[in-house]
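These are my notebook entries on one model. I went through it residue by residue and wrote down what I looked up.

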Amino acid sequence: MRSSRTLGLIMIAPAAIMIVLFFLMPVVLTAVFSFTNMTTATGISGGAYQIAPNSLIALKGEMPEVVQQLTEPRYAIDEEGIKGVEGLALEPGIAMELREKHLGEVFSSRREAERMIKDLNDRPSTRDVKQISEQFNRSVANLRFSSKEDLFTSLDKFGFKMTPEQKEGLASATYTGWSWTTENFSRIASSPDMAQILFNTLLYVALVLVLFNTSYAMLLAIWTHYMPNTQATIFRSVWLLPRITPVVIYVLMWKWLAWDTGFISTFMGKFGYSPKNYLLDNAYNAWLFVVLINGFIGASMGMLVFSSALKAIPKSQFFASEVDGASRWQQIRYIILPQMRWPILFVTCYQTLSLLASFNEILLSTRGGPGKATEVWSLAAYHTALNNYAGNLEYGLGAAMALVLVIIGIILSLAYLRVFNYATLVARPLIED
């Protein structure tokens, strides 16, 4: 027994590794990234500290006196500047005196630096003074520092008067790498756009799921159940075309139908209506096509599942009901639907999760437009993290949105199990008690 159990664990190990790598790890990494501020600006590795113009603008309201200091140049007598003076072909005593008497001094203005240069023993001309002072012109703006300590050392070197709190605030504002934060979830909770996108998502899932993926799919399955086998097979094959057709070609066919040069505009033009893009004309038309495009794909899968489940119902039950004078509607109500709880639960759960995560058809047809009328949560997460017009891809915020979607899917799945009374479905049959 023990050896067979060990053998079973060994045989299942490759599948377990695949599950961990390709199913669990993406979810774990998404959860980790959702608590960071990773973007294309920060990168995915450690960053540096850079006092860039945008950082100064952000700090202007909180620390105006610090920003004022940072925008003013400093004149620091350092070895680099002295070597520059030596390259100007001036009197050699100038560079020597600067190194011996003034190395390390910092002047807060050009006037102070030039006053010191004029008092040198060799007394350079006014033109030479300007050249010499320029060699010591230093600024921390746009300089990159690999660590916080290097930034603070540079600030002290240039004579900036800042408190430890101000230094920490400056370091936080100028850090170009990512950091741990819960700000992504705060943005999601407080943004009006996120509320509209969430409403769009719930509306999209509800309409497609109720109208097509379950109701219409069940209707198709029942229709084909009462058809002759040959006709039913042909009918099901036709309804499978939307699912087996490449999504780009499938959506392109809908665009040909709805574009201003498409079939609808051409047909309506014969009655005096001017051509227009019905797909993006207004939000109502866009939603109509989004639901239809996705509904026909989802209905085909539900039809196959329900048709297979109908085949499993013993034919004797239908024959007996016909002998008792039952109508088709009574057969559906008292024989078919009571025995379809498992298939309905599966299709509902699977299609809900699929609709929550899918956005290919919407991306290819409306791109979430017009405006953001058809922007659903998964598409918004894609736009945020991987493809947006602003240029700065926000990996952390996109991961947080994806994590919210995972949580919504889990909650809805648990709700379905409760509604369909999952405990009863998996209970041991009474005949075995």
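Where is the place of T224? I found T224 in helix α11. Helices here are DSSP runs of H or I with at least four residues, strands are runs of E with at least two, and both are numbered from the N terminus.

Ground rules next. I am working with a predicted model, where local features need pLDDT of at least 70, side-chain atom pairs count only at pLDDT 80 or more, and totals for chains, interfaces and linings use all residues. Residues are numbered from 1 along each chain as its sequence is written, and side-chain values use heavy atoms, with hydrogens and water left out.

**Entry: T224**
I looked up its burial. T224 is buried because its relative accessible area is 1%. I use buried for under 20% relative accessible area, exposed for over 50%, and partly exposed for in between (1.4 Å probe, protein chains only). The T224 side chain reaches the backbone oxygen of L220 at 2.9 Å. Leaving out residues up to four places away in sequence, T224 touches A232, F235, R236 and S307. Contact means heavy atoms within 4.5 Å.

**Entry: layout**
I noted domain 1 at 49-174 and domain 2 at 186-426. Those bounds come from an automatic or database domain assignment. The domain centres, taken over C-alpha atoms, are 64 Å apart. An unreviewed UniProt entry places "transmembrane region" at several spans, including 286-306 and 395-417. Such annotations may be inferred rather than shown by experiment. I checked both spans. Residues 286-306 are 100% helix, with end C-alpha atoms 30 Å apart. Residues 395-417 are also 100% helix, and their end C-alpha atoms lie 33 Å apart.

**Entry: cores**
I searched for nonpolar cores, meaning sets of buried Ala, Val, Leu, Ile, Met, Phe, Trp, Tyr and Cys residues joined through side-chain atoms within 4.5 Å. The largest has 35 residues, and I188, Y204, W377 and M401 touch the most other members. Elements giving two or more residues to this core include α11 (192-225), α15 (283-311) and α21 (395-419). The most come from α11, which gives eight. I188 contacts M194, W377, L397, A400, M401 and V404, with neighbours within four places in sequence set aside. A second, separate core has 19 residues, among them L59, A76, L151 and F158.

Which residues of helix α6 (residues 110-118) are buried? I listed A113, E114, M116 and I117. They lie on the same side of α6 because they cover an arc of only 155° around the axis. That arc is taken from the directions from the helix axis to the C-beta atoms. The buried residues of α6 pack against β2 (74-76), α5 (92-102), β3 (106-107) and α7 (126-134).
S154 lies in helix α8 (residues 148-157). S154 counts as buried because its relative accessibility is 10%. Beyond four places in sequence, S154 touches V140 and F145.

Most residues other than glycine have a negative phi, and most peptide bonds are trans. I looked for exceptions. G369 and P370 are joined by a cis peptide bond, with omega about 0°. P370 is in the loop between α19 and α20. R367 is found in the loop between α19 and α20, and its phi is positive, near 55°. R367 is partly exposed, at 39% relative accessibility. R123 has a positive phi of about 45°. R123 sits in the loop between α6 and α7 and is exposed, at 61% relative accessibility.

Methods
Polar contact = N/O pair within 3.5 Å; in protein donor to acceptor, adjacent residues only side chain to side chain.
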